Amino acid sequence: MTSLTILFFMMGLITCLNDILVPYLKAVFSLSYSQAALVQFCFFAAYGLTSIPFSQLIEKVGYQTGMVIGFSLAAVGCLLFYPAVALHMYALFLAALFVLASGIVLLQVAANPCVSVIGPPATASSRLTMAQAFNSLGTFIAPFFGAYFILSALVNVNQAEGVVYPYLGIAAVLIVIAFVLSRIQLSGLEQPDHHDKPWRQVLQQRGLLLGMIGIFCYVGAEVAIGSFLVNYIKELTQMPEAKAASFVALYWGAAMVGRFVGIFSLNTFSPARVLAAHATIAIIFIAISMNASGMLAVFSMLAVGLCNSIMFPTIFTLAIKGLASGQEKRGSGLLATAIVGGAVIPLLTGLIADRFDLHHAFILPIVCYAYIVWFAATRRDHVAIVRTHP
């Protein structure tokens, strides 16, 4: 579990840096909102294209080897930032992000079911929430890291060198982690694969299918808000990008705090009820922000991060509940495919912002959270309340 929490931390750090890349590359290449959203599109499109092939790879090589390959592939993606900067090509940045994201996909496919199967099934939601809390720690640190090393370079918007050294440093860390992970003994984690059910039959599980849509909506809404938060705050307050990035850290930091608290709430109340409550409150906060101005609008949107806290692990565990033993890897691969919502929803949000304005483009995340409320209602009868014992 300790090894897995470190893994989740690095995944959070890398993924959240995209929220810094969006405003940075928007300024460097003079992009529209929808063009800047291609950063998230290329990153999260990797989930839709590689999740199932990677889950098949995990079936063959196992969790540990899969995670080692994932860290190595992510490191290659980071290294590709160097030629992207040297050639000053936006398309090459997008290609590097796709490779980097492919490594993250492999890590997600391996790590999420691994956390679920290393302990009692009844506490899988709280255990995955704890791991996700360290993922949120990485997302909390990322904006400060990006503001200092990347956004501070916006004083010269004709160059893109601000991303070189941060990503080369991340590549070095990923290579070290891959090496160390390859030497650690993680025995007892592999589950037997049952090939009697084809992929199509696994997908026909109603709970899994609805969970895929839930993951699509949740990731899409969370990433859409995070991607445009720097520009949103700048529009509302005229705050410079580097300073606005600290508020992005509050958005992800709220998710981190909420996930630590969620460890206890998910062990006390029905996970489905907790999920429905969080999604409902998220809708309220976004609606307040859309109809407000100044810092009230800013802090209302930041509070959505607190609501996001328990959504991914709860949707994930509700979706795979009831799958046959050994089918978790395939279920995880299908659910990871749904993370492509992080590519689609931000792009559509950017198109709405270009057509109307960013202040009211967040109607799309509201629709996403509304579906999650409905999904939680459909799964409420399938999960018993688990209470902690003194």
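Me: What sort of model is it, and how many helices and strands does the protein chain have?
Reply: This is a predicted model. The protein chain has 19 helices and zero strands.

Me: What share of the residues counts as buried?
Reply: Of the 390 residues in the protein chain, 59% count as buried.

Me: And the surface, what does it come to?
Reply: The accessible surface of the protein chain is about 14800 Å². Carbon and sulfur atoms account for 68% of that surface.

Me: Among contacts between residues at least 6 apart in sequence, what percentage joins residues at least 24 apart?
Reply: The figure is 86% for the protein chain.

Me: Let us turn to cysteines. How many disulfides are there?
Reply: The count is zero, taking a disulfide as a pair of cysteine sulfur atoms within 2.5 Å.

Me: Is Cys-16 buried or exposed, and what about Cys-42?
Reply: Cys-16 has a relative accessibility of 2%, so it counts as buried. Cys-42 is also classed as buried, because its relative accessibility is 17% and the cut-off is under 20%.

Me: Now helix H5. What length should it span, and what does the model show?
Reply: Helix H5 covers residues 63-79, which is 17 residues. At 1.5 Å a residue it should span 24 Å, and its end C-alpha atoms are 25 Å apart, so the two values agree.

Me: Which residues of H5 are buried?
Reply: The buried residues in H5 include Tyr-63, Gln-64, Met-67, Val-68, Phe-71 and Cys-78. Gly-66, Gly-70 and Gly-77 are buried as well, as are Ala-74 and Ala-75.

Me: Take Val-68 from that set. What does Val-68 touch beyond its sequence neighbours?
Reply: Leaving out residues up to four places away in sequence, Val-68 touches Ala-178, Leu-181 and Ser-182.

Me: Why does Phe-81 count as buried, and what does Phe-81 touch?
Reply: Phe-81 counts as buried because its relative accessible area is 1%, and the cut-off is under 20%. Not counting residues up to four places away in sequence, Phe-81 touches Leu-21, Phe-93, Ala-96, Leu-97, Val-163 and Tyr-167.

Me: Which residues form an aromatic cluster with Phe-81?
Reply: Phe-29, Tyr-90, Phe-93 and Tyr-167 form one aromatic cluster together with Phe-81.

Me: On to the loops. What is the phi of His-88, and where is His-88?
Reply: His-88 has a positive phi of about 50°, although it is not a glycine. His-88 is located in the loop between H6 and H7. At 32% relative accessibility, His-88 is classed as partly exposed.

Me: And Gln-238: buried or exposed?
Reply: Gln-238 is exposed, because its relative accessible area is 63% and exposed means over 50%. Gln-238 is in the loop between helix H11 (206-237) and helix H12 (241-268). Its phi is also positive, near 60°, in a residue other than glycine.

Me: Last one, Thr-337. Where is Thr-337, and with which residues is it in contact?
Reply: Thr-337 is in helix H17 (residues 328-337). Setting aside neighbours within four places in sequence, Thr-337 is in contact with Tyr-47, Gly-48, Ser-51 and Ile-52. Thr-337 has 16% relative accessibility, so it counts as buried.

Notes: Residues numbered from 1 in each chain as written. Predicted model: local features only at pLDDT ≥ 70, side-chain atom pairs only at ≥ 80, totals over all residues. Heavy atoms only, no water. Buried < 20%, exposed > 50% of the residue type's maximum accessible area, 1.4 Å probe, protein only. Helix = DSSP H or I, 4+ residues; strand = E, 2+ residues; numbered from the N terminus. Expected span 1.5 Å × (residues − 1). Contact = heavy atoms within 4.5 Å. Areas by Shrake-Rupley, 256 points an atom, 1.4 Å probe, with all protein chains shown as cover. Phe/Tyr/Trp six-rings, centres within 6.5 Å; stacked < 30°, edge-to-face > 60°.
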